[in-house]
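The structure comes next, followed by the points grouped by topic.

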Amino acid sequence: MAPSLRTWDPDEFVARLLACEARYHIHHPFNLRLNRGELQPFQVRGWVANRFYYQLCIPQKDAAVLANCTQREERRRWLERILDHDGRDDFAGANAGGIEAWSRLGQAVGLGPDALWSQRHVQPGVRFAVDAYLNFARSRPWEEAAISSLTEMFAPKIHADRLAGWPALYPWIQAEGLAYFRQRIPLATRDAEHGLEVARRWAGSRERQERALQILHFKLDILWSMLDAIERAYPDDLAEELRP
């Protein structure tokens, strides 16, 4: 029988997870153009409208994690993620939640509320990718779904880039619409730390460590595929009547 592979120590395991940043959609050609200020308003609006479908999915994903989790303390911690996106009370200020904040981003780029909530701009490829992520969370053990959320490790950088560059690159976007990116930086940092706790505890063997990397790759592919679909849907020369 072949000898089993060495289990990585916790630091090496985390380092390998962090190295997956090379596959994060911050490096996608569409995102690079977005952050260089090279996109036309209709392309920014198309991106916002399609990402809204992902925002709607996130609390459903987190609810699936809760449904599959048998550990009370973990459920209590994970519950905060649902409220972070669905919002609290009057949706004002810090109570807005991610979905509400993204809706305000939609208004800031010139999309009416119906353009987002009707989902009429959502591309089939985006819908397919997001639904695959949700189905994964519903069908897999809660620890695996939790590990898929580790893309949050890389999110603060992408949000900070938008906050730093967009006001000058896209002055036509109303400044208050950028609140989503600002509020997600500390929340993503907190969620990533919790996700790493789960991953280190669950991945006590080399087999599970390799599985954790596969799961993270899967989630990174989801995010990359979404931008592939968005980039294809909104070329620079898209006919005027098809532009959001």
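Tyr 180 and Phe 181 are both buried, where buried means under 20% relative accessible area, exposed over 50% and partly exposed in between, with a 1.4 Å probe and protein chains only. The model is predicted: local features need pLDDT of at least 70 and side-chain atom pairs count only at pLDDT 80 or more, while totals for chains, interfaces and linings use all residues. Residues are numbered from 1 along each chain as its sequence is written, and side-chain values use heavy atoms, with hydrogens and water left out.

**Aromatic rings**

- The whole structure holds twelve aromatic pairs; rings of Phe, Tyr and Trp (its six-membered ring) pair if their centres lie within 6.5 Å, and planes under 30 degrees apart count as stacked, over 60 as edge-to-face and the rest as tilted.
- The pair of Tyr 180 and Phe 181 is edge-to-face, because the ring planes are at 85 degrees, with centres 5.8 Å apart.
- A cluster linked by ring pairs is made up of Trp 47, Trp 102, Trp 166, Tyr 170, Trp 172, Tyr 180 and Phe 181.

**Charges over rings**

- Arg 81 lies over the face of Trp 78, 3.6 Å from the ring centre; the criterion is NZ of Lys or CZ of Arg within 6 Å of the ring centre and within 35 degrees of the ring normal.
- The ring of Tyr 53 has the charged end of Arg 127 over it, 4.8 Å from its centre.

**Cysteines**

- The count of disulfides (pairs of cysteine sulfur atoms within 2.5 Å) is zero.
- Cys 69 is in no disulfide, and the nearest cysteine sulfur, that of Cys 57, is 18 Å away.
- Cys 69 counts as buried at 6% relative accessibility, and Cys 20 counts as buried at 4%.

**Helix packing**

- Helices (DSSP runs of H or I, at least four residues) are numbered from the N terminus.
- The axes of helix 2 (residues 29-36) and helix 9 (residues 155-169) come within 8 Å and cross at roughly 45 degrees; axes are lines fitted to C-alpha atoms over the stretch in contact, and angles run from 0 to 180 degrees between N-to-C directions.
- Helix 2 and helix 9 are therefore oblique to each other; under 35 degrees counts as roughly parallel, over 145 as roughly antiparallel, 65 to 115 as roughly perpendicular and the rest as oblique.
- Residues in this contact (heavy atoms within 4.5 Å) include Leu 34 and Arg 36 of helix 2, and Asp 161 and Trp 166 of helix 9.

**Asp 191**

- Asp 191 is in helix 10 (residues 179-202) and is buried, with a relative accessible area of 5%.
- Leaving aside neighbours within four places in sequence, Asp 191 contacts Arg 81, Glu 152 and Arg 184.

Definitions and conventions. Helix = DSSP H or I, 4+ residues; strand = E, 2+ residues; numbered from the N terminus.
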